[in-house]
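User: Could you walk me through the fold of this protein, one question at a time?

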Amino acid sequence: MSPLINSVIKLNCDLGESFGAWQMGLDAEVMPLIDQANIACGFHAGDPTVLVNTLTLAKTHQVQIGAHPSYDDKQGFGRRSVKMTADELKHLLWYQMAAVDGVAKSLGLELSYVKPHGALYNDMMANPALLETVMHAVASYHKPLKLMLLATGCAAQHKVLAQQYQLELLFEAFADRRYKSDGSLTPRSQTGSVLDHQTALVQVQQLLQNGTVQSDTGDRVVIQADTLCVHGDNPAAVALVKSIRQLLDKP
């Protein structure tokens, strides 16, 4: 496989996750460093004022806007699975997408993609029927939007399924998460699932140069990614984003 071109891979980050008096993340510090902002829609975090402020920040730094919908689980930060019918999930996604889309439009911005959050993201990657429901929901929205999902060894199958819905996909990799040999992420409950600063940089460098990452068992896993997920919820995370930005911007 030929080396990837650094400029092709974008940086994305989950933002707008404060609400009320509760502050989450360092949005103002990380926004200038990224290309794509996955903005909370209010069901796992976020509120109307936070949404407006986050979108305004994205506009200032010319960052692409994505909706970051979740199960209806604010108390659990969207990290708990919720059983729903296909129609219920489709309507839940439409509702959240429309919130970000409408407010963005009022600010002169355009929503361009959707990245499910937390348990919904993990569930759709593990359950083909659920993934198809999410694809159908995004594809049947009133305007074309891309769907962001995990780049795995099943990417070719995911593309075929998406083509049935005329849906464009954005495949993402993770900078600071350890991978399993099948291209999935090791659970956060396992020791070593979150990489330290230097190890994460080594993983990003390998991804940029070879299009691979090293799994928890030492295997090389091919990852064809359009975008790289980073986190900005603490000063150490922001420092890592700055280092990754420097790697991406190297000629």
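Analyst: Gladly, and a definition comes first: two strands pair if DSSP finds at least two bridges between them. Helices (H or I, at least four residues) and strands (E, at least two) are DSSP runs, numbered from the N terminus. This is a predicted model, where local features need pLDDT of at least 70, side-chain atom pairs count only at pLDDT 80 or more, and totals for chains, interfaces and linings use all residues. Residues are numbered from 1 along each chain as its sequence is written, and side-chain values use heavy atoms, with hydrogens and water left out.

User: Thanks! How many bridges join β5 to β6?

Analyst: Strand β5 covers residues 146-150 and β6 covers residues 169-174.

User: In what order do the strands close into a barrel?

Analyst: The barrel has 7 strands, and their pairing is parallel. Their order is β1-β2-β3-β4-β5-β6-β9.

User: Are α3 and α5 parallel, perpendicular or oblique to each other?

Analyst: Axes are lines fitted to C-alpha atoms, for helices over the stretch in contact (heavy atoms within 4.5 Å), and angles run from 0 to 180 degrees between N-to-C directions. The axes of α3 and α5 (residues 128-139) come within 9 Å and cross at roughly 45°. Angles under 35 degrees count as roughly parallel, over 145 as roughly antiparallel, 65 to 115 as roughly perpendicular and the rest as oblique. Therefore α3 and α5 are oblique.

User: Which residues of α5 make the contact with α3?

Analyst: On the α3 side, the contact includes Leu89 and Trp94. From α5 come Leu130, Thr133, Val134, His136, Ala137 and Val138.
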